[in-house]
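Please keep the structure in view while reading.

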Amino acid sequence: NSRYDGLKSLEDLERSIWFASAALQLRPEGHRHRGKSLNHLAYYLRKRYNKLHSMEDLDRAIELYSAVLELCPGGNQHCDEILCDVAYYLNERHDKLGSMEDLERAIKLYSTALDLRPEGHQNRGELLHYLAACLSQRYDKLGTMEDLARAIELASAALDRRVEGHQDRGISLLGVAYCLSKRYDKLGAITDLARAIELNSAALDLRPKGHRRRDASLHSLAY
């Protein structure tokens, strides 16, 4: 795996998948290290999905991560990571195929993971951002204002944790602004529109000319 990370060779990745699959076959149900092998194979398959975008790899990675989750005892320090892995790729599949079942399950898993990352947890901000994004997507499909209000609350909490200088502050600024713009479209509150413009402008300041994502900030501000 370290060799693949360094060289980005598909051949190396294919070998990692082969070896991980072979190891899993030697660790049947009940083997004390089966969860580790399931996790490794899922990890390599998701890397290949990220490179080749094969839905077969995505489906298999979700299946394997879900199997790891079933083996994860309550309270285990790594359960939140597995919950987030399953949720992330369920949402990815939702984005590709539009399955509400995948989106609903992603929201449920992210919510469970959030309970395992209390205030002060170093990765709570990232999780707040992803859960807010999923709730915003569900609002787009169902139009439930409670989802939008919760998305704004969570996205704002994520922004509070991504202070000046944080590498993901721009993403959070845009996330909150996008949700506020949706609420303005629905309810017409000028305060939401003003705040959305303020946040979009702040995001644009973080993306000067030449920045690869400056176009996204300009689009959001124009919208």
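Predicted model: local features only at pLDDT ≥ 70, side-chain atom pairs only at ≥ 80, totals over all residues.

**Core.** The largest nonpolar core holds 55 residues, and those touching the most other members are Leu-41, Leu-64, Leu-109, Tyr-110, Leu-131, Leu-154 and Leu-199. Helix H8 (residues 145-161) supplies the largest share of this core, eight residues. In soluble globular proteins, nonpolar side chains tend to be buried together. Beyond residues up to four places away in sequence, Leu-131 touches Ile-107, Tyr-110, Ser-111, Leu-114 and Leu-154.

**Helix H7.** Helix H7 spans residues 124-142, 19 residues in total, and its first and last C-alpha atoms are 27 Å apart, close to the 27 Å expected at 1.5 Å a residue. Gly-143 follows H7 and has a positive phi, near 75°.

**Aromatic pairs.** The model has five aromatic pairs. Two of them are tabulated.

| Pair | Centre distance | Plane angle | Class |
|---|---|---|---|
| Tyr-43 and Tyr-44 | 5.6 Å | 65° | edge-to-face |
| Tyr-88 and Tyr-130 | 5.6 Å | 85° | edge-to-face |

Tyr-88 in helix H5 (residues 79-97) and Tyr-130 in helix H7 are 42 residues apart, so their pair links distant parts of the chain. Tyr-88 is partly exposed at 33% relative accessible area, and Tyr-130 is partly exposed at 30%. Ring pairs join Tyr-88, Tyr-89, Tyr-110 and Tyr-130 into a cluster. Tyr-43 is partly exposed, at 24%, whereas Tyr-44 is buried, at 14%.

**Asp-102.** Leaving aside neighbours within four places in sequence, Asp-102 contacts Leu-90, Arg-93 and His-94.

Methods
Residues numbered from 1 in each chain as written. Heavy atoms only, no water. Helix = DSSP H or I, 4+ residues; strand = E, 2+ residues; numbered from the N terminus. Expected span 1.5 Å × (residues − 1). Contact = heavy atoms within 4.5 Å. Core = buried A, V, L, I, M, F, W, Y, C linked by side-chain atoms within 4.5 Å. Buried < 20%, exposed > 50% of the residue type's maximum accessible area, 1.4 Å probe, protein only. Phe/Tyr/Trp six-rings, centres within 6.5 Å; stacked < 30°, edge-to-face > 60°.
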